[in-house]
Amino acid sequence: MIRKRYLCLVISVIVIISLLNQNNPLLVTATKDIDKETITENASLEEKLSAILMNKHLAGTSTAVSVMHANTGKLLFSQNASSRLHPASNMKLLTAVSALEVLGEDYQFSTEILTNGKVKGNVLHGNLYVKGKGDPTLLAKDLQRFARDLRKQGIRKIKGNLIGDDTWYDDIRLSQDLNWSDESVYTGAQVSALTLSPNEDYDAGTVIVEVLPRKAAEGKAKLRITPKTDYVNIVNNTKMINKDGKKDISIERKHGTNTIVVEGTMPVNGSNAKDWISIWEPTGYVLDVFEVALNEAGISFIGHSKPTRGKTPTKANKLAIKKSIPLKELLIPFMKLSNNGHGEVLTKEMGKVMHNEGSWEKGIEAIEQVMSDMGIDPTSILLRDGSGMSHKNMIPANALTQLLYHAQHKPWFKVFKQSLPVAGESDRFVGGTLRERMKTGPAKSNVMAKTGSLTGMSTLSGYVMTKDQHPIIFSIMINNYLGSSKHIMAIEDQIAETLAEHDFSK
């Protein structure tokens, strides 16, 4: 009798918990850790993944997981996978697929040098235009090559203005949901059709600021900026300290200005500190660096000339052009390093190509159209940018696995898959954001997936091959977590590793 009453009590508790979970389908209420030893080798895939998702670090989170067979499209596991969550940089999966579909894998951006004047003797009588068409790969060395090209054409002096034409895109520089606190750093760089990158990571619209130690514990640390430019004003508030002191350096641009403040302490034996800082108004940045390149090439401006923004006349003559690497190569830094600027440039470029308007609004319309063509209901998702920086993007995990499934049947799929970070591969242009994760075991070099990370959000979606050679597509989306991201990423890795280790034949 007592045993029957106890059994009824247990059943009642289970029913109550079940009802509570129905009212809160996304709420994970686990209270204990589940490790690999808890899961038997012969357990089903559903049992293994369900056990992992009981991890205590998921308590109170909104978590969704979708696992699909890559050959058949059959869902093998789904937890909350139809519910919309924030994708963070998994948004770049949509942008990359759409760019390949709309622009094509061989698409190139360009930057042009033009004039509305004529060369008489060694003087160009007229304005010199730098027309940007969105190229995020433009470097200082390209501007130097432009200057040399002009010199080879006999130009030594320019009687006119240096004009930057960024009208290929609209003049809205920051996406609508970018946090104010993010706009100083490279991840929140401004988007202009005329922009410049400091190195071949192609973080367009940024400069690299380095802080270097001196040999004596006195005065200020040395500063170095790449590329060299007077467009920014560096305020050096650093202090050299003895070798036993602590290095504590901050580098930040003041909002709405190009004043970069560097402060803190640098020991005499300290290692260099380096950061990529975004520029306020990149068009002017390009003009400043180009003017320096012209002067170094022996070309000077005469009269009352000045650098300014403007639109290139229709009948201007082209003097030089630089084309970017093709999209299939640009996807490597975009996806491997999760370059936010590339996501936004590609979004505006798709808007320009598809709707003749280089704006976020038209670019997102282009992405939504591609998603619809790929079988994803555009009314089931909310898109606000192309990088995933927005905290308002919303996508179901099932939509991501469906996207990855349909992508396999496109002629550009090989290019797309090669752009994904590869687990445990130390080369940053191979492993990317997964190079320090899943460095051993069957997941290493097997899991190819896009990471995503924002405050309280972590995502991982991609491809993996099981132990018995079944190709799997998966999407893991974890929102609203508190505490360290390392616990959350460890859970993502455990799921991916479980897929890599699973044997369906058992």
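Author: Let us start with one side chain. In this predicted model, leucine 94 is in contact with Ile367, Met371, Leu383, Ile395, Leu400 and Leu403, leaving aside its neighbours within four places in sequence.

Reader: What makes these pairs count as being in contact?

Author: The cut-off is heavy atoms within 4.5 Å, so each of the listed residues meets that distance to leucine 94.

Reader: Which residues touch the most other members of the largest nonpolar core?

Author: Leu93, Leu94, Val97, Met371 and Phe416, out of 54 residues. Among the elements that each supply at least two residues are β1 (62-69), α8 (360-373) and β22 (471-479). The most comes from α3, with eight residues. Another core, of 40 residues, lies apart from it and includes Leu138 and Val286.

Reader: Why is tyrosine 202 called buried?

Author: Its relative accessible area is 10%. Buried means under 20%, so tyrosine 202 qualifies. Tyrosine 202 is found in the loop between β9 (162-165) and β10 (206-212), and its phi is near 60°, a positive value in a residue other than glycine.

Reader: How do you know whether glutamine 469 is buried or exposed?

Author: Its relative accessible area is 57%. Exposed means over 50%, so glutamine 469 is exposed. Glutamine 469 also has a positive phi, about 65°, and is found in the loop between β21 (457-465) and β22.

Reader: What kind of peptide bond joins threonine 226 and proline 227?

Author: A cis bond, with omega about -5°. Proline 227 lies in the loop between β11 (222-226) and β12 (233-241). Most peptide bonds are trans.

Definitions and conventions: Residues numbered from 1 in each chain as written. Predicted model: local features only at pLDDT ≥ 70, side-chain atom pairs only at ≥ 80, totals over all residues. Heavy atoms only, no water. Core = buried A, V, L, I, M, F, W, Y, C linked by side-chain atoms within 4.5 Å. Buried < 20%, exposed > 50% of the residue type's maximum accessible area, 1.4 Å probe, protein only. Helix = DSSP H or I, 4+ residues; strand = E, 2+ residues; numbered from the N terminus.
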